[in-house]
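Take a look at the model below. The report covers the ligand site, then a pair of helices.

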Amino acid sequence: MYAFQYHRPQSVADAAKLLASNSEAKLLAGGHTLLPTMKQRLAAPKAIVDLARIAELKGIDKKGNALVIGAMTTHAEVADSAIVRSAIAGLAEVAAVIGDPHVRHRGTIGGSVANNDPAADYPAALLALGATIATNKREIKADDFFKGLFTTALQDGEIIARISFPVPAKFGYAKFPNPASRYALVGVAVAQTGSGVRVAVTGAGKDGVFRHTAAEAALGKGWSAQALSGLTTDANLMMSDIHADAAYRAHLVGVMARRAVA
Amino acid sequence: MSATGIGAPVRRKEDQRFITGKGQYTDDINRAGQAYAVFVRSPHAHATIKRIDTQAAAKSPGCLAVYTGADIAADKVGGLICGWMIHSKDGSPMKAGAHPVLAQGKVRYVGDHVAVVIGETLAQARDAAERVTVDYEALPAVVDVATAQSAGQAQIHAEAPGNTVYQWHLGDKAAVEAAFGNAKHVTKIDLVNNRLIPNAIEPRAAIGEYDPGQDSLTLHTTSQNPHVARLVLAAFIGLAPEHKLRVIAPDVGGGFGSKIFIYAEEVVCLWAARKIGRPVKWTGDRTEAFLADAHGRDHVTTAELALDGEGKILALRVKTKANLGSYLSTFASSVPTYLYAPLLSGQYNIPAIYCEVDGVYTNTAPVDAYRGAGRPEATFVVERLMEVAARQTGRDPAEFRRKNFVTSFPHATPVIMTYDAGDYEASMRKALELADYAGLPARKAESAKKGMKRGIGFSAYIEACGIAPSQAVGSLGAGVGLWESAEVRVNPTGSVEVLTGSHSHGQGHETTFAQLVSQRLGIPIDQVTVVHGDTDKVQFGMGTYGSRSGAVGMSAIFKAADKVIVKAKKVAGFVLEVPEESVDFKDGIFSSTATNKTLTFPEVALQAYIAHKFSGAQLEPGLKEGAFFDPTNFTFPSGVHICELEIDPETGTTRIDRWTAVDDFGTLVNPMIVEGQVHGGVAQGVGQAMLEGAVYDRNGQLITASFMDYTMPRAGDLPSIKIAMTSTPCPSNPLGIKGCGEAGAIAAPPAVINAITDALGHEDIAMPATPLAVWRAAQKSPTKMAAE
Ligand SMILES: Cc1cc2nc3c(=O)[nH]c(=O)nc-3n(C[C@H](O)[C@H](O)[C@H](O)COP(=O)(O)OP(=O)(O)OC[C@H]3O[C@@H](n4cnc5c(N)ncnc54)[C@H](O)[C@@H]3O)c2cc1C
């Protein structure tokens, strides 16, 4: 790690000010991605703005037909939340299969979404559920938010405040973990929402999380694993590494999609 | 059996300090004025160094010194050595290149040591290290052991043409060829024994210290054998004479072999400490551990088994290429030779065996002993062959093994070893029963109904442990003897310190050794302290590896305790005023038929030290004895492990459903600790079979250089293991101990692969059988396995 300045603001407004006045500042949430990269000297922010003490970023609420989760809510809090379990039980399951207990008690939904790791679980859930990401400046639809590997629509100085999930009729998530890291080798989220069936795939795509339109069309005709039996996924669009080549990933997308529906 | 004696499942004495965070590991130790070392490592697998610019680094804040290979050479510090001479078939000695502690003009693997920066703080040392600029000229890298010897490959060491260190063989080639000529059936397999990265939980660390008043050096280091480290650092590397060098290996958090070896970082910390006149500390980070700890295994093998028409084995032929990495680590040369081929007879009567091994340099991290060291590789060859041969000849795998078991002892194999005791049939019988082998067809059918493929795999392993008779290993090329030493020091109040040359880094010696001494001397276990890991306290020792600390280390303690008893009886004779020969000692009480007075052990200890009841002419005061124990044979732990698993062919996920382990370790000192060793060993073996594998890319970059890509076994990967024991005590040591530290890691890999191939219906899968590999293999159709 290199030396840096540490700030711990009490409000989003103060955090935004700190970001604005330090061009090389970074927000710190659970630190489970940021701190390892700093320790390995791969990231060298001049200043750290720790969001840990900002009360308005925490909490889980049901507001009308939407489940609203504050950015600084940990994966463990989502997994254990009775509100989440009764509104979108499958979302609690998404949180429950992230990493290990240490990771789940530090990592946050805001950090995960802002980081947009192509193997992270939440991006698939947000995209399938048609969630909205609320920042200190605006609201962004999940469809417009995830822009490829580790890239999002967030602009400089923008802070995710909360994420709002319209409650779907049905939702499921199936994850095939990477044997080493336990991130998603392939994760498929399926949802029956007010705006139709949405299927999102994480872990597999070369450009990160994506919507699987063929799967959506198939499930639109009938919500069952069987409806997906003929589903194919273009291996040319899949990542390839020592844990899974593109063909295997493409195959697993189908398997996980069927298991998510079942 | 007393509540704490031999055979009692005594809770580990050392765990109180470990689980409450009170352990003292090398990195917990800080010396006054200590500075910090950071190594500049090669980013290239193979390159010449054209220039190293240390100017900017030297000016960096807090930088105390920057040293390169030129400084090491100027001070005439020797290179690292390989302590086992192997001769090739043609009689020529192995061809080893130099192994400098800081690169001399060339780097040979990613992570190779190029320079060291010493800083006031760790952060300052890191900052300065980033400012060292090295001008490399990259050379083509040699990575794959299978092709490393081919013409046109880059030459890694000038001394070893064709990157070949040796071409060794063992056994009777002519007899094997004749036997194959007469065979009714030949089973041939090609195997890869995958390369592993040890990943002890505690990374390596070292603190070098120089005392100008005494002109002596002290090294704190993460070592499994501090005396051997001192010997090498003194006699070969020449840092200080042995009596001016103290090596301390305090608490060590796991080794698995990787901390046997003498590494560059230790040498550099010691040398630099004298140079800068301050203690110098280095603690490896996890990346350095991945890159620069000695790796394990990495063989490519072709093996053939010849059978007669009745299913009896006639002969075995094995050809192996062993990757030794870029330099020869301390015992690298012995692992794929004398720790490997002599185990190729397995538990079986095999009349003729011939094994050829090429030791090969590549541009990868040095490869050396790793839990099991050679014996897992041998067992994988033998037990895969046995399974495949049984399938090809339409025989039940258990029956086929039984048919070929060695049943009378001693049994001389055609590859050096003489098995002294065992009952292989007993382990097999018990294992089949515990695994409910009879119920397998029903379970297979049940799995098939769910779309799953169930398979069972056997591994009837044998290992040579209790390493080792000194004369025997000397005749095979070892540079050292492999006895062990011990000293039992009785204090005037009757408490005891046991000094041992063994070293505990997870094995629980503080408990098991105390169990032995407390039982022998009849004193409570809490009156016994075990001292190890400090060359100033323990006179000499060969350390802990090769499952030797029970069989060899405890035998030395046993001998020393016996000598204490002999002396104590003399003292008791004087005190009781009876003839020495009439004194009896049992359960801590000295008695004599000549009197009805008795003495306790502490009473005799006190008398030995106050020396009022005998004169100096009659008896020396004090009660302290030492002993060396040199075994007369290896020990031969053996057993049968059975793995039963279920494959989801849709995803390639493999779930181990049951694991049965029936082991013969001879005498068990502490069955709870033994079970723990079996658990850990099986986990490591399952890791090798299904999860772990070091992957270098074509350019020699280590792709699996972190836990994000290198898969360690986790608790969830294993079922609850069914463990049972059989026992044929070892005749070559006084306690009958065979050793248990490596058995699981040796037994497990073939059991897993035999089960996976049983489930798949064909043999085409390599370790690690990851989900990807299993899924691919499940796409292939089963081959027919009938007798041809
Ligand atoms: C061992 C391990 C295993 C893991 N396994 C999984 C897994 O299986 N699945 C999975 O999905 N994830 C996994 N993770 C990731 C983890 O769950 C976190 O989601 C992730 O590290 C990011 O969240 P964080 O709170 O730690 O963010 P941080 O590391 O603190 O921050 C990450 C990035 O987001 C930015 N950021 C943080 N909060 C905000 C905000 N409110 N607004 C704008 N930008 C922000 C930061 O500046 C930084 O750039 C794993 C992590 C580890 C270490």
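Predicted model: local features only at pLDDT ≥ 70, side-chain atom pairs only at ≥ 80, totals over all residues.

A:Lys26 uses its side chain instead, with a polar atom 3.2 Å from an oxygen atom of the ligand.

The protein buries 90% of the 960 Å² that the ligand exposes when taken alone.

## The shell around the ligand

The ligand is surrounded by 29 residues. The closest are A:Leu27, A:Gly31, A:Thr33, A:Thr108 and A:Asp121. By class, the shell holds 14 nonpolar, ten polar and five charged residues.

Two elements of chain A give two or more residues to this shell: strand S2 (25–28) and helix H7 (109–115).

## A helix pair in chain B

Helix H15 (residues 549–576) and helix H16 (residues 601–610) belong to chain B. Their axes come within 9 Å and cross at roughly 80°. Angles of 65 to 115 degrees count as roughly perpendicular, so H15(B) and H16(B) are roughly perpendicular to each other.

On the H15(B) side, the contact is made by B:Val564, B:Ala568, B:Val571, B:Ala572 and B:Val575. H16(B) supplies B:Phe601, B:Val604, B:Gln607 and B:Ala608. Eight residues of this contact are nonpolar, one is polar and none is charged.

Terms used
Residues numbered from 1 in each chain as written. Chains lettered and ligands numbered in written order. Heavy atoms only, no water. Axes fitted to C-alpha atoms, helices over the stretch in contact; angles between N-to-C directions. Helix = DSSP H or I, 4+ residues; strand = E, 2+ residues; numbered from the N terminus. Parallel < 35°, antiparallel > 145°, perpendicular 65-115°, else oblique. Contact = heavy atoms within 4.5 Å. Nonpolar A, V, L, I, M, F, W, Y, C, P; charged D, E, K, R; others polar. Near = heavy atom within 4 Å. Polar contact = N/O pair within 3.5 Å; in protein donor to acceptor, adjacent residues only side chain to side chain. Areas by Shrake-Rupley, 256 points an atom, 1.4 Å probe, with all protein chains shown as cover.
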